[in-house]
Amino acid sequence: LTFIDQLRLDNRSVFELLKADYAWVNEDLAKHYGLPGVKGDKFTRVALPPDSPRGGLLGMGAVLAMTSHTHRTSPTLRGKWILDVLLGTPPPPPPPDAGTIKEDKKGKDPRSFRELLAQHAGAPVCASCHRRIDPLGFALEGFNAVGEARETSDAAGALPTGERFNGARELREVLVGRRDRFLRNLVEQALSYALGRELGSYDDAAVREIEAAAAKEGYTFSSIFLGVARSHPFRHRRT
């Protein structure tokens, strides 16, 4: 919350939600992130090392824990969160007979989680969605179920469109390359919230106007939300 609130107070670019070279931490969170030199309960802005996997929402412990199971990470949950929350392109719900992953019982030779997930997603009815979802989530396998950084050799992925990445930092660059989609989703969500309803095709013009106005002001927080407040649908909404 401090990270987002400071973006608002400092009127910084909304694209720092995707990529930031700093984090807001107190002593406990700094230890969790492996950042030295922070003392006390007060949240402090700390510059991240150039090779840090943190930065923006993707590296936040709260997001990483929220998109994990209690006992392990979930590339599918994490990938779905990226598609849904960041890009506004949610995959369809799983079919009723999708089932769950059958993990190896104790005593058997363990298989990698990627192999288990690939077997689960092998059914034609499941495969098309998993090809979109799972590579995004595997890029975050450098974080455990509570968001601590860990060593892994299984964080590579490729999108159906061909982009390849390995780990959170390279995935972040892929998402930055799709920042127009991120911006559109953010504007649509902000306008929908302000109007108290879902958007329709008749709102497209207002969304484009807000985006264009934001571009002139460096995509700051205020440019997005003032654009919403000045938009025709908001000023003429029904009470």
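Helices here are DSSP runs of H or I with at least four residues, strands are runs of E with at least two, and both are numbered from the N terminus. You're looking at a predicted model, where local features need pLDDT of at least 70, side-chain atom pairs count only at pLDDT 80 or more, and totals for chains, interfaces and linings use all residues. Residues count from 1 along each chain as its sequence is written, and side-chain values use heavy atoms, leaving out hydrogens and water.

**Stop one: helix α1**

Select residues 2-9, which make up α1. Which residues of this helix are buried? They are Phe-3, Gln-6 and Leu-7, where buried means under 20% relative accessible area, exposed means over 50%, and partly exposed lies in between (1.4 Å probe, protein chains only). Now look down the axis of α1: the buried residues fall within an arc of 105°, so they line one face of the helix. That arc is taken from the directions from the helix axis to the C-beta atoms. In general, an α-helix has 3.6 residues a turn, so residues three or four places apart point the same way.

**Stop two: Asn-11**

Step just past α1 to Asn-11, in the loop between α1 and β1. Asn-11 isn't a glycine, yet its phi is positive, about 55°.

**Stop three: Tyr-219**

Finally, jump to Tyr-219, in the loop between α9 (204-216) and α10. Tyr-219 is another non-glycine residue with a positive phi, near 55°. Tyr-219 counts as buried, at 17% relative accessibility.
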